[in-house]
Amino acid sequence: MTDTETGVREAIEQGRTALGIELGSTRIKAVLTGPGHEAIAVGSHDWENQFVDRVWTYSLEAVWEGLQGCFAALAADVQAKHGVALRTVGALGVSAMMHGYLAFDAEGEILTPFRTWRNTNTGAASEELSGLFGFNIPHRWSIAHLHQAVLNGEEHLGRIAHLTTLAGYVHWKLSGRQVLGVGDASGVFPIDIATGTYDARMLAQFDELAAGRVPHKLAELLPAVLPAGEAAGELTAAGAALLDPSGTLAPGATMCPPEGDAGTGMVATNSVARRTGNVSAGTSIFAMIVLDGELSRVHPEIDLVTTPAGDLVAMVHCNNGASELNAWAGLFAEFTAALGIEQDSGTVFETLFKAALNGAPDGGGLMAFNNLSGEPITKLHEGRPLFLREPGSTLSLASFMRVQLYAALATLRIGMDVLQKSENVQLDRMFAHGGLFKTEGVAQRLLAAAIDTPVSVGDLAAEGGAWGIAVLAGFVTQRSAGQSLDDFLTTAVFADARLDTVAPDAADVAGFDAFMTRYVAALPVQQAAVDHS
C-alpha cells in the first residue's frame, strides 16, 4: 500500500472526510471526499419521476429507498477501493433538484404528493405574484405552488404547518433542523440580498393576499435561511439509521445548509464570483450568471436567485434538457441490438454526439423540439417532442444529431439573449457540467456557439453537484476564520484544477443563429401539437 493509499484509509477511519449527496432528476449520487477535497469514493442509485394525476412527482418511499441504495453503493465502493468500512464522516451535505412543493402538517405528515420543479400548472399564481411583488416568480418556485393551492382552494391548506424543498426535507429528517441554504431558499421565496433572508416586504404582501386562506404567516411556514459556511446541525442517530439501516454509520457529522442543484453546480465549476457563470445540463438545463448589480427591469425569462453565499444570480432555467436526446439514443441502441451488435450506452452516446460535429451548421433544414414537459420560457404549458424537416432537406445522422443537440440548447439561448443583449451582462468565463458534456468537445463546442462565449469544462466537475455539496460540507469544517466561499474554492479546492476551454467557432455561431431564427418561427407548430393532441 502506498503512502497516499494509507493516508486516504486513515482519513476515512478518522472521519476526516466530507460526504455529499445529491438527489437529481434521474439519479441520486453520493461522493465522499478526502481532506484535499478529492473524490475518494462514489455511489449512485437510479430513479425516475412519475406523472400521477397530471402531476410530476416522486414518492417519499422512493426518496428513502434511493438514498439508502445510494449510500450502500458508496459504502461498498469505500470497502472495495480502500479496504475499510465507512463508519463515520466528518461533514455531510444534502442537495437536490431545486424548487417544488413539499407541505407538512404539525405532526410532520406530508399533506399532498411532492410537486416537483417540472410542473407548470401554476401559471395563474406565478402571474399574480409576479405582478404583486414586481419580481419574477417562476412556475416551479415553492411560493407559486403554495399560492396556486390557495387559488384552487385546496383542503390541505387548513392543516399546513411547514413547507420546504426536497433537499430541505432530507436535511430535516437527517438532522432534525428545518433550514435551507440561501441558494435553495431563493427558489422558495425571493431573498433580500441585503439581509440574506426572505424579503420582508414581499412576505407582508403575501400574508395580506392569503389572509383567511392560509392559517399561518408565511414566515412561520418557511425554513430558516443560512449562508454557506454556517453549521446547520449534526447527523442524528435517527438520521444515521435512515441513511444506513445496517447501523454501521455513526451519528455526529457536522451538516452544512442543504442546497439546490443550481448552487452545487456553481460550486462544482468554481463560478460563485461575480461575472462568472455556469451551465448545468441534465434532465433540465440552466445557466447561472453571478451579477455585478441589479437588472434594469423584470424579465419573465430570468429568475433572480443567489449563490450559496448569498450573492445575486441571474438564472435561465429550462425545464427540458437531455431527456429527448436520451430517448433517441435508446432507439439507436435498440436498432444496433436488433442487428446483433450490442453496444454499451456510453459508446452509443459518444458515436451519436461525435457525428453531430459533421452536421450542417444550421441543421440542414431539420428542426426538433425536445419538450417532454411544459416550457415557461417559450410559454408552452405541456410538452410534445417533435421532429420536423423541410421537403428538400437531407436526413443524415450528422445533421439529425446536431439538431437534437441544438434543440437542447435553444430555450437556454432565448434566456441568454435577454441577459447578453437586453441587459448587456458581461461574462469573464462560463463553465459547463452535467451529462450533456461527457462526450469531449461536442456539446461544449455547440454551447460556445449558442451563447457566443468561450466555454470551459474542468476535471473536478466530473462528479457534479454531489461533489459540490461535499465541498460545501467541507467548507463548514475546514475554512479559515472569515474566509469567503470564493476564496476557499480558488485557493483550497481549484488551485491545481485543469480546464479545457473552447472558443466559439464563427461558422458554428452563424449556423446556430440561423437555426434559432427557424426555431422561433416554428414555435406555433409546437403549440399546435399541444392544442390538437
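I count Ala, Val, Leu, Ile, Met, Phe, Trp, Tyr, Cys and Pro as nonpolar, Asp, Glu, Lys and Arg as charged, and the others, Gly among them, as polar. I'm looking at a predicted model, where local features need pLDDT of at least 70 and side-chain atom pairs pLDDT 80 or more, while totals for chains, interfaces and linings use all residues. Residues are numbered from 1 along each chain as its sequence is written, and side-chain values use heavy atoms, with hydrogens and water left out.

**Entry 1: pockets**

I looked up the open spaces first. A pocket here is an open set of points on a 1 Å grid over the protein atoms alone, with protein on both sides within 12 Å along at least five of seven lines; its lining residues have an atom within 4 Å of a point. Points are joined across faces, edges and corners, and volume is the space filled by probe spheres set on them.

The largest pocket holds about 1,400 Å³ of space. I found 47 lining residues, and Arg27, Gly282, Gly434, Gly435 and Lys438 are the closest to the centre. Elements giving two or more residues to this lining include strand E2 (27-33), helix H10 (261-268) and helix H15 (464-478). Helices (H or I, at least four residues) and strands (E, at least two) are DSSP runs, numbered from the N terminus. H12 gives the largest share of the lining, five residues. By class I get 15 nonpolar, 21 polar and eleven charged residues.

The second largest pocket has about 430 Å³. Of its 21 lining residues, Ser126, Asn136, His139, Pro300 and Pro376 sit closest to the centre. Helix H3 (123-133) and E18 each give two or more residues to this lining, and H3 gives the most, with four.

**Entry 2: a hairpin**

Strand E17 (residues 303-306) pairs with E18 (residues 312-318) in the antiparallel sense over four bridges; pairing takes at least two DSSP bridges. Asp303 has Met315 of E18 as its bridge partner. Five residues separate the two strands of this hairpin, and Gly310 in the turn has a positive phi of about 100 degrees.

**Entry 3: salt bridges**

I counted 15 salt bridges, each a side-chain nitrogen of Lys or Arg within 4 Å of a carboxyl oxygen of Asp or Glu.

Glu13 and Arg9 meet at 3.6 Å, N to O. They are about one helical turn apart, because four residues separate them in helix H1 (residues 3-14). Glu13 is partly exposed at 45% relative accessibility, and so is Arg9 at 28%. My cut-offs are under 20% relative accessible area for buried, over 50% for exposed and partly exposed in between (1.4 Å probe, protein chains only).

Which residue forms a salt bridge with Asp508? I found Arg402, with the closest N and O atoms 2.6 Å apart. Asp508 lies in helix H17 (residues 506-521) and Arg402 in helix H13 (residues 397-422), so the pair ties together parts 106 residues apart in sequence. Both Asp508 and Arg402 are buried.

Conventions. On a 1 Å grid over the protein atoms alone, a cavity is a set of points where a 1.4 Å probe fits but cannot get out, and a pocket is an open set with protein on both sides within 12 Å along at least five of seven lines; lining residues have an atom within 4 Å of a point.
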